[in-house]
Amino acid sequence: MLNFVTFLFLLCFLIHGNAQTPVPYPYRSCLPGNFTQNSTYHSNLNLLFSNLSANAPPNNRFFNTSAGRPPNDAVYGLFQCRGDVSDSVCRSFLATAIKDVAEKYCPLRNGAVAWYDECIFRYSDQPFFSDVSTDPSLSLLNTDEIDVDKARFNQLVMSTLRATAARAANASVGELFATQEANFTSDLPLHTLAQCTGDLSNTDCELCLRQAINGIPSCCSNKRGGRVLFPSCYVRYEVYMFYEQTLTNSVPPPATTPPNNTTPTPPLPPPPPTPGKRRISTMLIVAIVAPITISILLFVLGCCFLRQRARKRHSTVKEDSVVNEMTTVESLLFDFKTIDSATNKFSEENKLGEGGFGVVFKGRFENGEEIAVKRLSRGSLQGSEEFKNEVLLVAQLQHRNLVRLLGFCLEGEEKILIYEYIPNKSLDFFLFDSERQTRLDWLKRYKIINGIARGMLYLHEDSRLRIIHRDLKASNILLDEYMNAKISDFGMARIIQVDESQVNTKRIVGTYGYMSPEYAMHGIFSMKSDVYSFGVLVLEILSGQKNSSFYLSDLAEDLLTYAWKLWKTEQPLEILHPVLRNCYSRNEVLKCIHIALLCVQEDPSQRPSMTSIVLMLSSNSVTMPLPEEPAFFLRSKNTDIKNSDISTNKFVQWSVNDVSVSELHPR
């Protein structure tokens, strides 16, 4: 009797996980931690849900946002429509998720993840944007098994899923989705799907999907269907069509070859038509073409009509957008008295630093939260509306390698930005100090280089905006308590259109030594200008020397030329600072030197993109072109420029083995 009860229990469990059985509720996981009814967190959660609803399809198919002030009351959330579902279907399921998950399935919980077939819905009290989240996870399977050639079926599942994941990871950011078909037998097809959330970069999407696919054999071997669900991505396969097939999302199965190896006899060419048949063919062509032409005309007229109706609705949509922006502004606005109290009236002992745009102070709110307050100089030419617009834009940038904007204050002539407080100050505080630089061993420096690269990739490609920083340098890289790099100071950043390759300006801003030659001399800047600055910064991290003050009379007059001469004489490791030479990874150092020299090429088109740089840093085997002589260095006594007016293919193969801490070795 006991065995029979156990059998029934297991059967019910497996049926519940059957990928073919529809369920009336989403697959879900409630995150740990609870909040109090009607608390500040509860209010912020409702505000988050309101913002997600306001940005639902057709406005966005992916959207992430936050509400409240960290660390105690902030809440972060996103939704991701599956790539093939219609806007109306996704909007309907999102509305259901917002209503049911927090109230019915995970009441008073600090966070939840819900996987509908049509969308992912997620919120948490911990920041997670742009992170590859693989926990919590769910594995679901179809209990029916393949009854023939199981080994070949399992192999086909894995190879097709990998191909699908590669296509999804290479899709446009925000549309990280793909499906694919394959034929197991003539009457048994295989259908696969892969999806990432839109906050991931292409590289992180590939990493997430790879981990999900690695979980398929342990859960779903020999099964006719299965899926692995992560908060950041998921994969699924079935032997039936479970997605909407479109012209763009699916790859058809390859044509099946005949079972024998005999080559079929080609058909004989048709005989030439007789005059009577030719006349009939002409009449047939006219009969076919005429209706098609009329249909096209009707289609064009219909499009014009719908476009006219859309224009009439545009003003209403625009008003809704303004309301959403005002809601965001209100949630970020601080009054001056609060900031004045938090900084002890902007006292000198709270002063952290001073730059061309103002002074930075340390502050502390009444709840104990530490903040960094940037008080812009009163001589700033930026108006109130421009300042508000900049705040709205920067507030949308949320990445683990960017300093997070908490809010702003705008009263009278006061224009103040409030950021998260970063305890370890800036990179230059450690890098160029003879005593403190010993705290930056190779592992920390390599982590900092990777963090800067990922932050810049987010600005250039992965955020909702396309942003050129224009002032990437050691003093604008802050380090948190774990020595993670966070890019700061967006005062000189520029937003460019997706189809813009470069912009020309007469107002040159930035710092000599980090500025690309085409920008310093001609005012032309692009994403490749930031790449140049990144290359200079990497060489500074390796050498512990400032490019702007580097001088070796017998070798070179600047850091770039010095690195190039060492490369040409096959002594590249000589650029390493002495504190690193007893413990470092040779392969990682050589890779960083190679990337840095590619970044500082004089021709911008020869510099790699940040996407390529992140791939080079994260791959163990990558082909990189050989660098040419780097661009010249423009020397100036005044290195900080805040406002000035200025009218053959060779490749080398790196084969890099996995390097762990134990493989660090003395030179």
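The disulfides of the protein chain pair up as 1-4, 2-3, 5-6, 7-10, 8-9, with bonded cysteines counted along the chain. A disulfide is a covalent bond between the sulfur atoms of two cysteines. Here a disulfide is taken as a pair of cysteine sulfur atoms within 2.5 Å, and by this rule there are five disulfides.

The model is predicted, with local features requiring pLDDT of at least 70 and side-chain atom pairs counting only at pLDDT 80 or more, while totals for chains, interfaces and linings use all residues. Residues are numbered from 1 along each chain as its sequence is written, and side-chain values use heavy atoms, with hydrogens and water left out.

**Stop 1: C30 and C106**

Select C30 and C106 and display their side chains. A disulfide joins C30 to C106, with an S to S distance of 1.9 Å. The torsion about this S-S bond is about -75°, so the disulfide is left-handed. C30 lies in strand β1 (residues 27-30), and C106 sits in the loop between α3 (87-105) and β4 (112-115), so the pair ties together parts that are 76 residues apart in sequence. Helices (H or I, at least four residues) and strands (E, at least two) are DSSP runs, numbered from the N terminus.

Now show the surface. Is C106 buried or exposed? C106 is buried, at a relative accessible area of 1%, whereas C30 is partly exposed, at 25%. Buried means under 20% relative accessible area, exposed over 50%, and partly exposed in between (1.4 Å probe, protein chains only).

**Stop 2: C208 and C233**

Next, select C208 and C233. Their sulfur atoms are 2.1 Å apart and form a disulfide. The link of C208 and C233 is left-handed, with -90° about the S-S bond. Which elements does this pair tie together? C208 belongs to helix α5 (residues 202-214) and C233 to strand β10 (residues 233-238), so the link connects parts that are 25 residues apart in sequence. C208 is buried, with 0% relative accessibility, and C233 is buried, with a relative accessible area of 0%.

**Stop 3: C219 and C220**

Move on to C219 and C220. These two cysteines form a disulfide with their sulfur atoms 2.2 Å apart. The link of C219 and C220 is left-handed, with -75° about the S-S bond. C219 is buried, with a relative accessible area of 18%. C220 is buried, with a relative accessible area of 1%.

**Stop 4: C409 and C592**

Finally, select C409, then C592. C409 counts as buried at 0% relative accessibility. C592 is buried, with a relative accessible area of 2%.
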